[in-house]
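Subject: Structure for your files

Hello,

The structure is below, followed by notes on what was found in it. Please keep the two together.

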Amino acid sequence: MNEVGPAAQAPDSDDLEDLFENAPCGYISALANGRIAKVNRTFAVWTGYEAEHLVGRRFLDFLTIAGKIYYETHFAPLLRMQGFFNEVALDLVCADGTTLPVLVNAVVRRDGAEGIRFIRVTVFNASDRRQYERKLLEARRTAEQASLALQDFNAMLEARVAERSRALDRAWRLSPDLLMIAGADGVLSAVNGAWADLLGWEASELVGQRFEVFTHPEDLAATQAVFAGIVEAPLTRPYEGRLRQSDGSYRWFAWTGAFEDGQVYATGRDTTAEHEQAAVLAQAEDALRQAQKMEAVGQLTGGLAHDFNNLLAGISGSLELMQTRMSQGRLSDLDRYMNAAQGAAKRAAALTHRLLAFSRRQTLDPKPTDVNRLVAGMEEMIRRTVGPSINIEVVGASGLWPAFIDPPQLENALLNLCINARDAMPEGGRITIETANNWLDDRAAHEHDLPPGQFLSLCVTDTGTGMTPDVIARAFDPFFTTKPTGQGTGLGLSMIYGFARQSGGQVRIYSEVGQGTTMCLYLPRHYGSVDAEGALLAHSAVLRAEQDATVLVVDDEPTVRMLVTDVLEELGYTAIEAADSGAGLRVLQSNVRIDLLVTDVGLPGGMNGRQMADAGRLARPGLKVLFITGYAENAAVGNGLLEPGMQVLTKPFAIDALASRIRNLIPG
């Protein structure tokens, strides 16, 4: 049995209180300032005071005059230095005026931060002096030894303080950084010699001045805010600002500091050389970028000249041979040369179109578009294009947001991406076409070089050879290609990049060598609805008109006017020609019947084609307009926001496409 008897149990609080109150010695708890916070009954009985009359007074107040002097000169310092003293012989003055000889022990109790919680004083009755004579003598000797030790300790402290002061003084004088002491109001009270070395100001010119006097005006507000913040919390992360030199120029300094004892202590490291080096580096980077731009322009013009020379050779050579055969009366070969010339002209048009897309100057015809439906409509064509060795997987996001883009251009971009993916998998593989909705916060938008907001993505992923980082860095450069000579123009990705940027989006490459590549188009969300898919215009033979109509043709290029006029005559319409916007507007403001306006966008005469059309519609509300353009800022035709009855046809165009547009726009 391990039962614990009552005697072995821990005493409760009542027992402890009784033990404290009725102990054979007096107990006093004093605060750090020496005031009594609590005494026991034994001490009160000895001195003849009520306990409540003792609380708040100092233990020192109950000593005789000699005891007070002896206590303050010997034992109070001892208590402060070592935290305790023992067996000090003193005389207490009781309430009735008598004295009570006592032996006193004291100990300081501290908290975790080394602050004084309280001072515990234990008082023993020493009336029987003979009983304690030996102990009192030993206490006196101990006190004498403590006094000597205290003197030695004080001397040691004084020596250390003196040495530390000399060290601090040397550091202050020899520091290469700016050192300063200032009041909370910003007035300098002390500076070191580095101010004269770095800025040319002597201490006499600085002390008593506010730091704002020497701060660069552009940095003043930020510097004042930082200085005010030092009063609240130390400045540990360096703040860089400029200070004025005595010659009026400025130098950069990185400041740290703290606020102590009502003063701001701060250190400023000279960073002027670092800023100058950064400026030189920035200039070098600008020069490098300019050189890279010039190199890119050289590659662009060289590649463009090479491709167009080949195409022009095909066109001019075919025309010359046609002329020769016609002069010889040999008409059997004309179709072959005509097809060759037309094919070269179409390739030249495609090359120009890609260049305009890369430069973001192509004329787009954006419409609210269901991208999932567009991909589904392209799927069969893509399968036929990439061949049977490539598996196609389409993953369309449910609830995909609509996009406001030019659908044919997006189809062209998607087909180009799939062809590139096919070429990266010569042994076959898998292409995944995936759509998704994306919320881009500030961080993600910064990474994608887009404004924050909602975007939908169209991604094409292959399992091919992948790209190295240097290839990814140059993938969108014009005429850059990894394909063998003659197998690629290097404009496919450039065209996709230009289309994406012109549409308000972005294109990004994610690739690992040997693992494959993902090309993602990010397009801004359209918040309107998507109209039902309309039927495409058929480029078929166009019948002659069954009714009379008059068409105004405005173009500064005679050849284009001739071609359009001939088409109109073939259709049975009457054509009126004008070579500039001024002449065209005069016709529009006349009483001549006009059923359709066909105009270039870039025109001489003070107005562009859109401005002329808008002015003409003031006199002829609802006038149908067909813009034909080969190079124009999209803004010139309204950024795709054309009014009803207006359409755009991009040069060069097929004659049957022009005829179909005209027939569909003529009223009736």
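Of the 668 residues in the protein, 39% are buried (buried means under 20% relative accessible area, exposed over 50%, partly exposed in between, with a 1.4 Å probe and protein chains only). This is a predicted model, in which local features need pLDDT of at least 70 and side-chain atom pairs count only at pLDDT 80 or more, while totals for chains, interfaces and linings use all residues. Residues are numbered from 1 along each chain as its sequence is written, and side-chain values use heavy atoms, with hydrogens and water left out.

Overall features

The secondary structure consists of 19 helices and 22 strands (DSSP runs numbered from the N terminus: helices are H or I with at least four residues, strands are E with at least two). Taking contacts between residues at least 6 apart in sequence, 59% join residues at least 24 apart (contact means heavy atoms within 4.5 Å). The accessible surface is about 37000 Å², and carbon and sulfur atoms account for 53% of that (Shrake-Rupley method, 1.4 Å probe; for residues, only the protein chains shown count as cover).

Salt bridges

There are 15 salt bridges in the structure (a side-chain nitrogen of Lys or Arg within 4 Å of a carboxyl oxygen of Asp or Glu).

- Arg 58 pairs with Asp 61, with closest N and O atoms 3.2 Å apart. Both are partly exposed, Arg 58 at 31% relative accessibility and Asp 61 at 26%.
- Glu 577 and Arg 561 form a salt bridge at 3.2 Å, N to O. Glu 577 is in strand S19 (residues 574-578) and Arg 561 in helix H16 (residues 558-571), so this pair ties together parts 16 residues apart in sequence. Glu 577 is partly exposed at 43%, whereas Arg 561 is buried at 13%.
- Arg 593 pairs with Asp 595, the closest N and O atoms being 2.9 Å apart. Arg 593 is partly exposed at 47%; Asp 595 is buried at 14%.

Charged patch

Asp 12, Asp 14, Asp 15, Glu 17 and Asp 18 form a negative surface patch. Patch residues have over 30% relative accessible area and no salt bridge, and like charges are joined within 9 Å. Asp and Glu count as negative, and the charge is placed at CG of Asp or CD of Glu.

Regards

Methods
Patch = residues over 30% accessible without salt bridge, like charges linked within 9 Å, V, L, I, M, F, W, Y side chains within 5 Å.
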